[in-house]
Amino acid sequence: MDTRLRVVWSTLLIAAFVMGFTVSGSAVEPSKSKDPFPILIKEKKVRPIAGKINDLPKAPKLGDYFSARSASCDSIMVQYGIQSEPKEGIELRLLQNTDEIQRIKVKGRCGRVVFRGLFPSTEYRVNASWTHLANTENENAPVYSVSSKSVVCRTSDLPIGKCLLKFAAVSDTHVSIITRPGGRMHCKSAEILKDVCADANRRACSAMIIAGDLTDANLPEEYKRAKESLSEYRGSLLIAPGNHDDRTPETEIWRSHFGSDAGLKMIDGFQFLWLNTANGKLNKPANLAAIDQLNPDRPAVIFSHMQLVPDDYLNDKGKVIRDGKEVREQLEKIGRSRSIIYIGHKNVATTAKLGQVLQMNLPQTTQFPAGWLEAEICPEGIYHRFIPSCSAELEELSRLLNGGMMKGIGYRDRFSFEIWNRFVPWPKTGLKNDAAVPVKKRDSKKMEKSSSLNP
């Protein structure tokens, strides 16, 4: 980072400290209600299914979990899930190069910690260490062992220009009447969606997009619960149906609850285009009409349940639309546009390119890694930040119960931090015809370089 910018940033942090703002501490979401450590910023919590944290099942084959989950220009969130109860808590140390910046100790088998007051565009390392019981055979002669994990992560770039619009990118909420917990925590889905809406309000998101699978089984009671949860949200709400929702909008089930299954709407000068790919097909009158309205020279947010172009990471034929050849002209138009595409369905952090347009898979709110994206539209592109959708306990339960699905947790979570906390520039296409949102060359090149993170 530029030396002058560091000086300015340091001055701001000192000023904030003098004025009484907490900028150098850590925010902790403890895994027990009684915690001796200060809670400076409390993450939202959904009542866990397990009565106590020790009620969480153990999955030795999965091992312990420790990873960076979310980042802003001045903070990093890490999350941990430990198989055995730590004897004296878990010690977390934040380092920049070899210098220790912050240290904190937390208790419990799982939780989240937010380190604040950091520099933008800066690489940090977080080391975690704890002592745990190594054998349980002889209670009279316990043997303890020390374990440790480490993660290297980077704060986001300092946004250039003011935020023009902030929206919530949500997908696969799977509102359900299921009462049993599983790898997908659908039994808490309505409560989680309600909490996401409240969080989006608190974060001043002017719009919310949901990229399909709003409900789990297309049942009337699920639609009722979904509408009740969504009634909490105060901004513009746009929803595309998914394969778990009504696949035949002609029956008017979907439209009677949520309006058109495809369309284009202007919000604060930006195009929002949603497509119905619930049955794996794009070639539908409503979709074609919506794409026909798209102005390729104006910035647009496009979202669909199925991928419009396949990524090269997920080995699943059902991830992408099946009729791409029939809508080649429409896909080429989108690929030439100044857009960013958001996709639901598989909910693994991957990206692909449709022409010059980046396509990004969104997380699911009820399955590890569970969350949604806070997206800030700025003149040069969109800044993203991953926001957890439920408590650390509930997400850890999902991890433990869901570890064997889709090639394991490592497969699902491998690129989550890099992709879901990234800046995406507007494509260069159409700049000659539109000077309303300039793209700075150095930012575009930076993102092209960082595309090596793309699985």
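Analyst: Happy to! Two strands are taken as paired if DSSP finds at least two bridges between them. Please keep in mind that this is a predicted model.

Strand β4 (residues 90–96) and strand β7 (residues 123–133) run antiparallel and are joined by six bridges, well within that rule. Within this pairing, Ile 90 stands opposite Trp 130 in β7. Both strands belong to an open sheet of four strands, whose order is β5-β4-β7-β8 and whose pairing is antiparallel. The edges of the sheet are β5 (99–106) and β8 (144–154), each of which pairs on one side only. On average, neighbouring strands here are turned by 15° against each other, with direction ignored.

A pair of aromatic rings is described by the distance of the centres and the angle of the planes. The count comes to 10 aromatic pairs. One of them joins Phe 167 and Phe 272 edge-to-face, with 5.5 Å from centre to centre and 85° between the planes. Phe 167 sits in strand β9 (residues 165–170) and Phe 272 in strand β13 (residues 270–274), so this pair ties together parts 105 residues apart in sequence. Both Phe 167 and Phe 272 are buried. Together with Tyr 342, Phe 167 and Phe 272 form one aromatic cluster.

Another pair is made by Tyr 383 and Phe 423: the ring centres are 4.5 Å apart and the planes stand at 40°, so this pair is tilted. Tyr 383 comes from strand β19 (residues 381–388) and Phe 423 from strand β20 (residues 423–425), so distant parts of the chain, 40 residues apart, are linked. Tyr 383 is buried with a relative accessible area of 11%, and Phe 423 also counts as buried, at 7%.

In one of them, the side chains of Glu 395 and Arg 112 meet at 2.7 Å, N to O. This bridge links distant parts of the chain, since Glu 395 is in helix α7 (residues 392–402) and Arg 112 in strand β6 (residues 110–116), 283 residues apart. Which side of the 20% cut-off do these two fall on, buried or exposed? Glu 395 has 1% relative accessibility, so it counts as buried, and Arg 112 is likewise buried at 1%.

Other salt bridges stay within a single helix. Arg 225 bridges to Glu 221, with the closest N and O atoms 3.3 Å apart; the two are four residues apart in helix α3 (residues 220–230), so about one helical turn separates them. Arg 225 is partly exposed at 30%, as is Glu 221 at 34%. In helix α6, Arg 328 and Glu 332 are again four residues apart, about one turn of the helix, and their salt bridge has closest N and O atoms 3.2 Å apart. Here Arg 328 counts as exposed at 59% relative accessibility, while Glu 332 is partly exposed at 38%. There is also a network of salt bridges linking Lys 166, Asp 199, Arg 202, Arg 203 and Glu 374.

One last stop is a loop residue. Asp 311 lies between β14 (300–304) and α6 (328–336) and counts as buried, at 6% relative accessibility. A polar contact of 3.1 Å joins its side chain to that of Thr 350.

Notes: Residues are numbered from 1 along each chain as its sequence is written. This is a predicted model: local features need pLDDT of at least 70, side-chain atom pairs count only at pLDDT 80 or more; totals for chains, interfaces and linings use all residues. Side-chain values use heavy atoms; hydrogens and water are left out. Rings of Phe, Tyr and Trp (its six-membered ring) pair if their centres lie within 6.5 Å; planes under 30 degrees apart count as stacked, over 60 as edge-to-face and the rest as tilted. Buried means under 20% relative accessible area, exposed over 50%, partly exposed in between (1.4 Å probe, protein chains only). Axes are lines fitted to C-alpha atoms, for helices over the stretch in contact, and angles run from 0 to 180 degrees between N-to-C directions. A polar contact is a pair of N or O atoms within 3.5 Å; within protein, one must be able to donate a hydrogen and the other to accept it, and residues adjacent in sequence count only if both atoms are side-chain atoms. A salt bridge is a side-chain nitrogen of Lys or Arg within 4 Å of a carboxyl oxygen of Asp or Glu.
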